[in-house]
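Subject: Structure handover

Hello,

Here is the structure for you to look over. My notes come after it.

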Amino acid sequence: MSEVKLNPIVFHRRLRTLLDLWKNATEDEAETAPFLSTGGLLLVAGNADETNPYRKTGALQTYLLGYEFPSTLIFITPENVTFLCSEGKAKILKPLEDPNNVPGADVTVNVLVKSKDATQATEAMGKVIQAMEDAVQDGKKLGCLTKDKYGGKFVDEWTSFLNAKKQNHMVKEANDISSGISVLMATKDAEEMQNTEVACKMTQKLMAALCQQITNLIEAEKKITHERLTDIIETKLEDSSIWKGAKFAPDFDSTYSDWCYTPIIQSGGVYDLRTSAQSTDERLHDTGIILASLGIRYKSYCSNVSRAIMIDPHPTQQENYNYLRELQKFALQELKEGVIAKDFFSTIVAKVSTDRPDLESTLPKSFGFGIGIEFRDSFLSLNPKCSRTLKSDMIFSLAMSFANIEDPLDSSKSYSLQLIDTIVVKEDSSSILSDGLKELTEVAFFFNDKPKNAAKSNASGSRNTDNKPASSSKKHGSPRKSGAAVMTTSRKGRLRNDGKEIDNEATVKRKIHQRELAERRQEDGLSKYAEDDGTGKGTVVKQWKRFESFQRERDLPSAVASLKIVVELNKRSFLLPINGFAVPFHINTLKNVVKQEEGEYTVLRFMFIAPGQITGKKEDTPFEDPNATFIRGLTYRSTDQDHMNEVHKQIMDLKKAVLKREKDQAEKADVVDQDQLIELRTKRPIKMLDISVRPSFDGKRQAGDVEIHQNGIRYQSSLRNDHRIDILFNNMQHLFFQPCDQELIVILHVHLKSPIFIGKKKVKDVQFYREASEAAFDETGNRKRRRQQNGGDEDEIDAEQEERKKRADLNKHFKMFADKIADASDGRLEVEIPYRELAFQGVPFRSSVLLQPTTDCLVHLVEPPFLVITTTEVEVVHLERIQYGLKNFDIVFVFKDFTRTPVHINTIPSGQLENVKEWIDSCDIPFSEGPVNLNWTAIMKTVTDDPYEFFKEGGWSFLNSQSDDEEDEEDEEDEDSAFEVSDLEVESSSASDSGSAFDEDASGSSGTASGSSASDGSSAEDWSDQEKSAARSDMNKKKGGEANGKQKKRRDESESDVSIDSEEEERKERKKKPAKKR
């Protein structure tokens, strides 16, 4: 709060307004009557509560001072104002004490400091109590805002001091002046009016953006939940590009704005018209009524706007909405100075009962409330119970609505209409502070009013002249999705090489190159790991860790004398009584502890880590002397259930704490301490302003500056000085620049050699970016939506040209800045730009993203989590699920550092297979293919256990051996099948010829021919021979199946209609009886 400056003139002017209201209070006015018996106003504020920001104490502080002061006491009398606060707040309030700052001020201001020194704090609070005692003489009481309940250290100390002085009765007997403060703040001055009007204009602008967003989503047929859409619009308030150039006020600054409440979006027939409603996790419906409510406060002054967006509305819904607008216009005329709130409510109800009695039951219980620093003034509502008289310059949230009307399209559902605006009361009528987006043509959108295959010339709104019924589905009603387009989309990419011929010569060259790369990897592996005495393990051996609980017996806690189980958290140990001695055990020696109930006894079983046990991840735990005697388990039972439960809980908590500590240490193991950044002192550093960073501090996006210094770069947040990131050149591994040509952001990405901490996050990638687009453009030419825009096609073309120019400028500036970083690194870095033409889709984490190769990497930088794979660090690449008929395949990257987990990229379209192979081959990385996914955890464990033995047995060649064998077998089978089929065709054709000749000669002797053919033993085998042949074939088939595996069996069954048994019989027949010659 060091930058806060108060305006003494405004303070004394508004204080005088309060004192005049106090002085002129009468019994006739119930709201101000409590002031008559009030001698002093006591306002005590505690800690700020973001969950309940609207309290009258804070509102009154803001009204008087312009700011809310937590942990502050204010005591007001007609002659004096006393502040009790901390030293920091006292410095801000001191200018109010100087009478020279406000000529003619007749009220004395005293600022008392409640310091950390107890004596001085007691003295200051004693002065306040003395002033309170002086004010409550002659039967007067204190005036308090009794409904405000605060907490915190300041309030607790003040309450304790009152109780100690036995003066708490003054607070308990105090008058509630809440209604009087409501009267004070209901009428707004010029400055308050301006702040409220700015808040309304900001709300109206975001409401137009929300309406545009909703129609874009519906027209594109995208699915989104109400909560997700709420999050999107909520971030718009902090987007400075939206408010760029806005002239809502001479000193307008969007940073003074905040949300009054989280935006509310409702659709689908379930509507809650209360201000406390929340957006649900249901999907946004693309038909019917969508209610959207927004509220923004500017410099603490609130606004409220709600609109009904109608998608393909029924004529009766349009009629009801038009009447709602007429009703609002009537209400604005009736809401004027001198009108009583409950009379206004009755007037509106009477009009509806006369004009539309069918809608009378749908009216709300209140037509709005007073609004200002408090979002909702509970003492000023437009309902039948409020008897307040309206005055000029009062500001209301006027809410006109119809709830739960039967849906004409579905009688089982209902819909609601709501229209809320922030209005100001004048002498003759009321006016809306920021009007707009209420005409039926602005909020009603028709997506089904054109025939199915409407021509482009009819997009301006011509009706269907052929009298064909309009399609009831937007999926077919949109001219962009005709039947042919859908058919083309479904056929595209079904076959792996549709519309593309593979260059056989290039494929042969690639296979030769891959064979050379595989041989080179094998040789490198043998030579690299042969240096480790043929074991490959080198010096990487798990060392025995000695855990020490207590150095001396006198260090044991005194509680062990009771011979009970004792847990010593500081020593990370527990002591068990064994044969009358307290034996300490370190928590790391404990495998598990189990608690059981056995009758009246509670049993604890301690199981310790010992050689020969299967202990999961600790299976290879080394021991100092494996041949020593170990305790594997101890069991204790006791009737003291509470003590045993407490021991079990303490041990489990201790074990969790130790495991968490080890995990944190392991996470920080690879984090290096960077050298200090050497700042440029002789000249100003090269700087790029207004840049966002990912990952962000505290999970919130914030802009900052990036500077180039002598040995690194620095990011400094513009909001907080402690939000700073230093990255040294010697810790940068890659520097990427990704333009915003086909993206929403332009990116400068740094991939680090060793991770660093940003806040509490360990990161290896730091990204600087800026959004490239300020607005979404309507590219569909929808006639209904274009009415919302200020111009026609010419304005859209100019806007698009301006957008392209802005993107080009951003690309230019970011590229120049990246080049300057590379130059400052003295050759350590080169700027890498992703090649979008080589990109392919894949799923490296949870969602499908675009993966783009660079000179030395494969990257995904658009959204976190980022992916950066350095190709020089890759040992081999394996392509999984390469099978005919599958639409997708997977890639596994195995790194040269075998301790690193292989990276999987899943669900890559099969149409990209050849492109991926070409790219991998161009990076000089050997790759292999396989039909199934492999267990890489087991594979890498085998490799790391003994790398030399792994390479000695063939290394990575096992990945290719199966596919190579299958290819060879396929080639042989293809050749045999071709030869056999040609013989069978000759034999079949000969038999066919002879059969035809026989039929011509003796057409009636078919039975005789059949008999002679069956009796010819030389031309066919009898049943016994066939059974023996089938048995031999089964044996061969079994052996062949074991040798060739299940893949060959599937291929044989799918590619050939002739079984193995039939082929064997045919071969025997040809040997016994050659084919006849023609």
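Below are notes on the cavities and on one helix pair.

The model is predicted, not experimental. Please read every value as computed from it.

Cavities

The structure has 3 cavities of 30 Å³ or more.

Among the secondary-structure elements, helix 2 (56-65), helix 7 (178-186) and strand 14 (377-381) each provide at least two lining residues. Helix 7 gives the most, with 3 residues. By class, the lining of the largest cavity has 8 nonpolar, 5 charged and 3 polar residues.

Helix pair

Two packed helices are described by the angle between their axes and the distance between the axes. Take helix 4 (residues 118-135) and helix 5 (residues 153-164): their axes come within 11 Å and cross at roughly 65 degrees. The crossing of helix 4 and helix 5 is right-handed.

Which residues make the contact? Helix 4 contributes Thr122, Met125, Gly126, Val128, Ile129 and Met132. From helix 5 come Glu157, Trp158, Phe161 and Leu162. The contact of helix 4 with helix 5 counts 7 nonpolar, 2 polar and 1 charged residues.

Over to you.

Best regards

How values were computed: Residues numbered from 1 in each chain as written. Predicted model: local features only at pLDDT ≥ 70, side-chain atom pairs only at ≥ 80, totals over all residues. Heavy atoms only, no water. 1 Å grid on protein atoms, 1.4 Å probe; cavity = no way out; pocket = protein on both sides within 12 Å on 5 of 7 lines; lining within 4 Å. Points joined across faces, edges and corners; volume = space filled by probe spheres on them. Helix = DSSP H or I, 4+ residues; strand = E, 2+ residues; numbered from the N terminus. Nonpolar A, V, L, I, M, F, W, Y, C, P; charged D, E, K, R; others polar. Axes fitted to C-alpha atoms, helices over the stretch in contact; angles between N-to-C directions. Left-handed = near helix turned anticlockwise from the far one by under 90°. Contact = heavy atoms within 4.5 Å.
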